[in-house]
Amino acid sequence: MKAVKSPEGFFAVFFLVIEIIFHITRYGIAGGYLFNKITFAVIIGLIIGIVVSALPKKAGKVVSIVLVCLFVIYFLVQLIYSSVFANYFSFSATGGVAGQALDFKQTIWGGVVEEAVPFILFLLVLAGSIFYIVKFSDFERRGALYYLMFSGFLLTALFYYVIMLSYQGNDNNSPYTVFMKYSSVEMSIQKLGVLESMFRDGVYVFQDKNVDASKYTDTGFEFEDKSLNASKSSDKQYAVNTTEDSLEEKQFEDLGSVPTVTVETAKLENETEELTEEATEEVKTSYAQVLDINLAEMSKITDNESVLELNSYISTSEPTYTNDYTGMFEGYNLIFITAEGFDGSVISQSLTPELYKMSTQGFVFRNFYTPLWYGSTLGGEYANLTGLMPKNGAYLSMEKVGYQGNALPFVLGNQLKAEGYNVYAYHNNEYTYYDRNISRPLFGYDNYKGVGNGLAYENYQGGGLMWPQSDAFMEENTFKEYANNEPFHVYYMTVSGHLEYNFGGNAMSAKNRDRVEKLKYSDKTKAYIACQLEFELMLEELNADLEKAGLADKTLIVICGDHVPYNDMGIVDELEGRILDPVFECYRNTLIIYSASMEEPIKVNKPCSSLDILPTVLNLMNLKYDSRMIVGKDIMSDTPGLVIMPDESFITESYKYNANTETVDPNPGVFVTDEELNSMKSTVSNRFRMAAAICELDYYKYVEELMEGN
């Protein structure tokens, strides 16, 4: 009992208890890595306790009470934040936009209610701890020898803690790797605990503010055997003519097929007649989708070792090649929509006929996924627009490129602006939200309007702002701005599908309530459908306006959600009629690539994700880019499909790998060797490093310098 009365003993027990409560709440009693968390909690408790014990008695008690309050508050923030946003809070990333997150007070209160039991437990621990500190704790100072010996013991304990982690493996997602190379707040909390993540994140905040981005060193690309990652579904062999610095072209036959892509022939109205059997015997040239630059000359531009290491990795990466779909929509107008909270399970022929038409009569991607990237909407937008995954913690990538003024030569806004397109962007929420006013121009959208700089809020008839706003209202007030300015590219970020899904606080759900009232779903699911009906109405009006203006047959429309309704995945389960796998299937979604000029659908079986949208559209519009410099890949290419999840789980054409459980789920008849799995794990890990380094180092700036000097 006397040991517990000491600050060292008290804080060791205190941290042990709150870490266990959080672990059980999130991962269950049988969840893995609990021993790692307990060990770290005790060590940190002893360290803080020995520091506090060196203070005068009264000061020690006051400091202890303050610390107990702060730590409990931090754990409560993580508890509620993870309940609401399905990922964890980070000082260095989401901390900067915490004030904006607080705008959704009802949603946060819903998280408190949902986590009522652990929330109350934490408050009880807080009250009990304060009472114990005041009444029973012993804050007597010790002698110098005691502090010296105890410090030695703590250093030894930390050493053995690291040794213990090293025995748990050293692969990309092992606790040891997470500890040594902090890159994900989610992975850190899962495998090492809230306390470890808090301290590492806090250190990163300091580093992020005081270290020049040009000194970024977190690259460390791993060896990967690319031969093991080749698709087993295709026996086509290509002879690639390469040099040290560039890939020229390849020759191929069999014009009518694309590996892993099932095609029901799509014909454009102006398409030439189908090739005859004799014509298909001719050799067709397919070019590597790379820039005409010499990457070996990067060393003439910079001596930054991290840039050169990233450049070396990119230069040795396999590119994609032009294919039968290259230029299918060359010269078309482009409307790209990131749809708030959109999940394809809401689509039905009766309730959403426009979405149904566009998702079944254009490209039909049967294995498309929208991972929940860090930062939810902002992370989803970043992936959709750049083909790069955002950083998982540490910062919000969209804001990072804005603050740094990064070069973004491959994004659609900049690409099409360079082609002479008139480029526009709209968002029916505050134009400064998430600092989009800073990042939008870097994406080519100098003509960006949101509420406050060109768009107005829609109000109720009796006064008062609607929330969320109407997507249809946004379309009505923007279409005329670009309709007569061909060729045009328009980017919409919608908001009608925003949580929370109910009929009391969601204006769009309430507006469309009559249309869903008789459906046999829960009120929450009906409210979700109702607010998505406003997005359906936007598309009805958009397609009607395009048709009326004579633009429909020469306009390509691309639609993808920013994320699934993560706040309540029970909605998707209910719409699907089954409980979905929480690692992969719950993120399965619908990507729409559609033009009224398409006579028949093109069905694609290849696994793909939001990262693949940008290169796919670039290829369809025959825009020049370097496929090695984007993580996502052209879906219509012969490159094997790969879906990457934020925790480094992934889906290939042959199997699924769960990084949390380190288990493989192969397709029937498939055997996955350790060599193949390890190689793919290295590929996935390298692509995370590549995406982070491109953002952090502003790599495209150096690429543009090479392009200018060419």
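**Note on the predicted model**

1. Y482 has a relative accessibility of 0% and is counted as buried.

2. The overall make-up of the chain comes next. The chain holds 27 helices and 18 strands. It has 710 residues, 57% of which count as buried. Among contacts in the chain with a separation of 6 or more, 78% are between residues 24 or more positions apart.

3. On aromatic pairs, the count for rings with centres within 6.5 Å comes to 40. One of them is Y424 with Y482, a tilted pair whose centres are 6.0 Å apart and whose planes make an angle of 45°. Y424 belongs to strand β7 (residues 422-430) and Y482 to helix α20 (residues 479-483), so this pair ties together parts of the chain 58 residues apart in sequence. A second pair is F650 with Y657: here the centres are 5.2 Å apart and the planes stand at 35°, so this pair is tilted as well. Both F650 and Y657 are buried.

4. Aromatic residues also gather into a cluster. F10, F11, F14, F15, F71, F131, Y132, F136 and F199 belong to one such group. Three of these names return in the next point: F10, F14 and Y132 are among the residues through which helices α2 and α7 meet.

5. Which residues bring α2 and α7 together? From α2 (residues 7-27) they are F10, F14, V17, I18, I21, F22 and T25, and from α7 they are P118, L121, F122, V125, S129, Y132 and I133. Helix α7 covers residues 116-135, and its axis comes within 10 Å of that of α2, with a crossing angle of roughly 175°. An angle over 145 degrees counts as roughly antiparallel, and α2 is therefore roughly antiparallel to α7. By type, the contact has 12 nonpolar residues, 2 polar and no charged. Residues three or four places apart in an α-helix point the same way, because there are 3.6 residues a turn.

6. Helices α14 (residues 353-360) and α23 (residues 523-548) pack at about 70°, and their axes are 8 Å apart. Angles of 65 to 115 degrees fall in the perpendicular class, so α14 and α23 are roughly perpendicular to each other. On the α14 side the contact is made by P353, E354, L355, K357 and M358; on the α23 side by F535, E536, L539, E540 and N543. This contact divides into 5 nonpolar residues, 1 polar and 4 charged.

7. Two peptide bonds deserve a look, since most peptide bonds are trans. The bond joining E486 and P487 is cis, with omega about -10°; P487 sits in the loop between α20 and β9 (488-493). The bond joining L499 and E500 is cis too, with omega about 15°. E500 is in the loop between β9 and α21 (507-511).

8. S376 has a positive phi, near 45°. This serine is in the loop between β6 (368-369) and α15 (377-386) and is buried, at 7% relative accessible area. D435 also has a positive phi, near 60°. The loop between β7 and α18 (436-439) holds D435, which is partly exposed at 22%.

9. How far from N605 is E653, which lies 48 residues away along the chain? Their C-alpha atoms are separated by 9.3 Å. N605 is placed in the loop between β13 (602-604) and β14 (608-609). With a relative accessible area of 28%, N605 is partly exposed.

Terms used: Residues are numbered from 1 along each chain as its sequence is written. This is a predicted model: local features need pLDDT of at least 70, side-chain atom pairs count only at pLDDT 80 or more; totals for chains, interfaces and linings use all residues. Side-chain values use heavy atoms; hydrogens and water are left out. Axes are lines fitted to C-alpha atoms, for helices over the stretch in contact, and angles run from 0 to 180 degrees between N-to-C directions. Helices (H or I, at least four residues) and strands (E, at least two) are DSSP runs, numbered from the N terminus. Angles under 35 degrees count as roughly parallel, over 145 as roughly antiparallel, 65 to 115 as roughly perpendicular and the rest as oblique. Contact means heavy atoms within 4.5 Å. Ala, Val, Leu, Ile, Met, Phe, Trp, Tyr, Cys and Pro count as nonpolar, Asp, Glu, Lys and Arg as charged, and the others, Gly among them, as polar. Rings of Phe, Tyr and Trp (its six-membered ring) pair if their centres lie within 6.5 Å; planes under 30 degrees apart count as stacked, over 60 as edge-to-face and the rest as tilted. Buried means under 20% relative accessible area, exposed over 50%, partly exposed in between (1.4 Å probe, protein chains only).
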